[in-house]
Amino acid sequence: MHTTKHWQGCAEGRRLGAMSRTISSGRQNEKNGWMRVLGVDPAATGPTGYGIVESDGRRCRMLHYGALKVAAKRQKECAGAALQDVHVRVCGLIEEYSPDAMAVESVFTALNMRTALRLAEVRGVILLAAAQHGVLVYSYAPREVKASVTGHGHADKRQMQLMVRALLSMNETPEPSDAADALAVALCHLQTERARRRFGLPDLDSSAKARAPRGTADSTRSPNEIRHGGATRGGLPRIVSLR
């Protein structure tokens, strides 16, 4: 019993420490005038794409991107092995890059029931990682992401890759396409946030303020401040759907 309590205490300490580092670094990003977004493209069977993009309101730059492909042997080990690997990767990205927000592609409604359920499971562990680190989550429909990046909602994979490369001034086309999709989701959120601030639109999450860590005041924040610590009391991140 004592050993179990000690392990739980260590795990809680590591989680709270990671949240503190994320919030502190996120505030530093805002102070420097850059907003950093972690884009994630969850997948039911293929690789889960991820990409880190930041912007100062005029320029966008890519910091890191990739895709996690769980080996078939690993998936056979246990039913939740793939979900565990996705969770670990997302947590690692949050702790390393301290994003101000996370943008995740929503479930495509045309999927069959089995694929939709698998995709929902992957999204679930991604949202869990965000909640554990106090990162606010925004959800975007696939067609909305395509329209934001390419100008129309029926762009194919190749068009998305080329437009992402052009918008981020990359020297090479992002591969695989799952990683390019994740970068596109991040760009979609940055564009939406830029438009919101430019035209003075209310925050989409204004109905429920993000909670600050215990012991810190939240009443001094300005309306345009990038808010951190978007986890709710129950441990779930606030998801803002823009569909």
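This is a predicted model: local features need pLDDT of at least 70, side-chain atom pairs count only at pLDDT 80 or more; totals for chains, interfaces and linings use all residues.
Figure 1. At 1.5 Å a residue, the 20 residues of H4 should span 28 Å, and the computed distance between its end C-alpha atoms is 28 Å, so the two agree. Take a look at what sits at the ends. Asn 112 caps the N-terminal end of H4, with a side-chain oxygen 3.2 Å from the backbone nitrogen of Arg 114. After H4 comes Gly 134, which has a positive phi, near 65°.

**Figure 2. The buried residues of H4.** Which residues of this helix are buried? They are Ala 116, Leu 119, Val 122, Arg 123, Val 125, Ile 126, Leu 127, Ala 129, Ala 130 and Ala 131. As you trace them, keep a handy rule in mind: an α-helix has 3.6 residues a turn, so residues three or four places apart point the same way.

**Figure 3. The second largest pocket and its lining.** This pocket holds about 460 Å³ of space. Its lining is made up of 22 residues, and Asp 41, Glu 105, Pro 142, Lys 157 and Asp 181 lie nearest the centre. By class, the lining has 10 nonpolar, 4 polar and 8 charged residues. Helices H4, H5, H6 and H7 each supply at least two residues of the lining, and the largest share, 4 residues, comes from H5.

Figure 4. Is Asp 181 buried or exposed? Asp 181 counts as buried because its relative accessible area is 8%, and buried means under 20%. Leaving aside neighbours within four places in sequence, Asp 181 is in contact with Asp 41, Lys 157 and Met 160.

Methods: Residues are numbered from 1 along each chain as its sequence is written. Side-chain values use heavy atoms; hydrogens and water are left out. On a 1 Å grid over the protein atoms alone, a cavity is a set of points where a 1.4 Å probe fits but cannot get out, and a pocket is an open set with protein on both sides within 12 Å along at least five of seven lines; lining residues have an atom within 4 Å of a point. Grid points are joined across faces, edges and corners, and a volume is the space filled by probe spheres set on the points. Ala, Val, Leu, Ile, Met, Phe, Trp, Tyr, Cys and Pro count as nonpolar, Asp, Glu, Lys and Arg as charged, and the others, Gly among them, as polar. The expected span of a helix is 1.5 Å times one less than its number of residues. Buried means under 20% relative accessible area, exposed over 50%, partly exposed in between (1.4 Å probe, protein chains only). A polar contact is a pair of N or O atoms within 3.5 Å; within protein, one must be able to donate a hydrogen and the other to accept it, and residues adjacent in sequence count only if both atoms are side-chain atoms. Contact means heavy atoms within 4.5 Å.
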